[in-house]
Amino acid sequence: MKKLMEMNHVKKSFDGNEVLKDISLSVEEGEVVSIIGPSGSGKSTLLRCATLLETMDAGDLIYLGEKAAKDENGKTVYVKNNELKRIQQQFGLVFQNFNLFPHYSVLKNITDAPIHVQKREKEEVLFEAKTLIEKMGLSDRADYYPCQLSGGQQQRVSIARALAMKPKILFFDEPTSALDPELTGEILKVIKELAREKMTMVIVTHEMNFAKDVSNRMIFMDQGVIVEETTPEQMFQSENQRTREFLGQYHNLG
Amino acid sequence: MSLQVMLSQLSAGMVTTILIFVLTLLFSLPLGLIISFGRMSENFLIRNIAKIYISIMRGTPLMLQLLVVYFGPYYIFGISISSSYRAYAVIIAFSINYAAYFAEIYRGGIESMPDGQYEAAKVLGYTKNQTFFKIILPQVVKRILPSVTNEVITLVKDTSLAFSIAYAEMFTIAKSIAASQKSMIPFVAAAIFYYVFNFFVASLMEFWEKKMSYYR
């Protein structure tokens, strides 16, 4: 199995408050990894460090064997900007609040970056975008603007936007937290479909049943450390006091 | 003086007024954007220079600034001023004054943009320039349009301040005809002109706002 992403001994503090305390994590091709944990456990910060939205204080960040950031004497040093830009193309991120571009139509949201950032052939990008839109069940919505769509539809557009860049690995930052309960199902269905297609994904989520269903590996984080990292089956039969406490808050674990 | 002569003299002034208006916008809108970047700069010196500039431009009368720009070269540097400098002085004074107001409007608009837009653009690999011109600026324009409309309407009326250096725009001419002919008609004509001009400006901006209302 090919290692797509690797983080070693990552540390991050905000104003002296240590949010990530020596976190190491790696993701292999085709894997689906869920990260769970209470609010403030550092799971979103970890994801933001992995996607270069936040800088790490210490530790390495490696994509496909290529170092984006390297620890030098306990301090993270990032590679040059143009190299980061290239490495950035390896991953995609789906936000909790979608962050679609409101002035662009669904189609343009999906096609603009492949055309103007990746400089790919317009025809080809449009063709692929249509396939993606169809796959997301939005065929009749290609010319709509984000404000004309439901939350679930917007999130599906943002997943399509991320996929259009052909990332090797896709991160999800609580993709259903901003949605009404009846809309979360449609997003979870899309992610499950991607898992079936062997898309490599790292998902920060509060949907325990879903995490159990979809992932090969689950990571439980608390207070900036990885408490437990194991298969979903074992996670839900954990002997660890803290894990049991946390999972116990979620009823109907199925 | 017949009404016809009066109106033809006034209409020459109207063309000048419209020219001041157009040129001021042409220079102050981009200049304002540059100043707003300075105002938001992380560099202490640049940020504070922009701040002081805006503070002075907004804190002193436009008429006074116009007089300083017009007479300054002579009083301060002893450079004799030609009569053709009058037109330049008007455009310079109006542009640097309005740029300060536009800078603050831009800043308000830019700072109101949610971080998520920058983050989404970054993850998708857009360069800083692409992010600003493709993603941020179009949305900022929509947000600031009502405030810009206010300033533009004020500018139409402020062009009349050019009379203070006797620049022959519409109001200056109206005032001199009124004095020589002992007539109110030039003032009435001037009022109608400003009103119609602004009605036109307001309609145009409203049309633009409507055109941009396809998204929220």
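So, let's start with β7 of chain A, which is covered on both faces. On one side you have A:Phe91 and A:Leu93, on the other A:Gly92 and A:Val94, and all four are buried. Keep in mind that this is a predicted model. In general, side chains in a regular strand alternate between the two faces of the sheet.

Who's the partner here? Strand β8 of chain A, residues 169–173, runs parallel to β7(A), with 4 bridges joining the two. If you look across from A:Leu93, you'll find A:Phe171 in β8(A).

A:Phe171 takes us to the packing. The largest nonpolar core has 74 residues, and A:Phe171 is among those touching the most other members, along with A:Ile35, A:Ala50, A:Leu132, A:Ala160, A:Phe172 and A:Val202. Which helix gives this core its largest share? That's α5 of chain A, residues 151–164, with 6 residues.

Now zoom in on A:Leu132. Leaving out residues up to four places away in sequence, A:Leu132 touches A:Ile110, A:Ala160, A:Leu163 and A:Ala164. There's another core lying apart from the largest one, with 29 residues, including B:Tyr70, B:Ala93, B:Ala100 and B:Tyr106.

Last stop, the contact between chains. Here 19 residues of chain A meet 16 of chain B. On the chain A side, the elements giving two or more residues are α2 (81–88), α3 (106–116) and, back again, β7 (91–94). By class, that side of chain A has 10 nonpolar, 8 polar and 1 charged residues.

Okay, that's my tour.

Definitions and conventions
Residues numbered from 1 in each chain as written. Chains lettered and ligands numbered in written order. Predicted model: local features only at pLDDT ≥ 70, side-chain atom pairs only at ≥ 80, totals over all residues. Core = buried A, V, L, I, M, F, W, Y, C linked by C-beta atoms within 7 Å. Buried ≥ 20, exposed ≤ 12 C-beta atoms within 10 Å, placed from the backbone. Contact = placed C-beta atoms within 7 Å. Nonpolar A, V, L, I, M, F, W, Y, C, P; charged D, E, K, R; others polar. Pairing = 2+ DSSP bridges.
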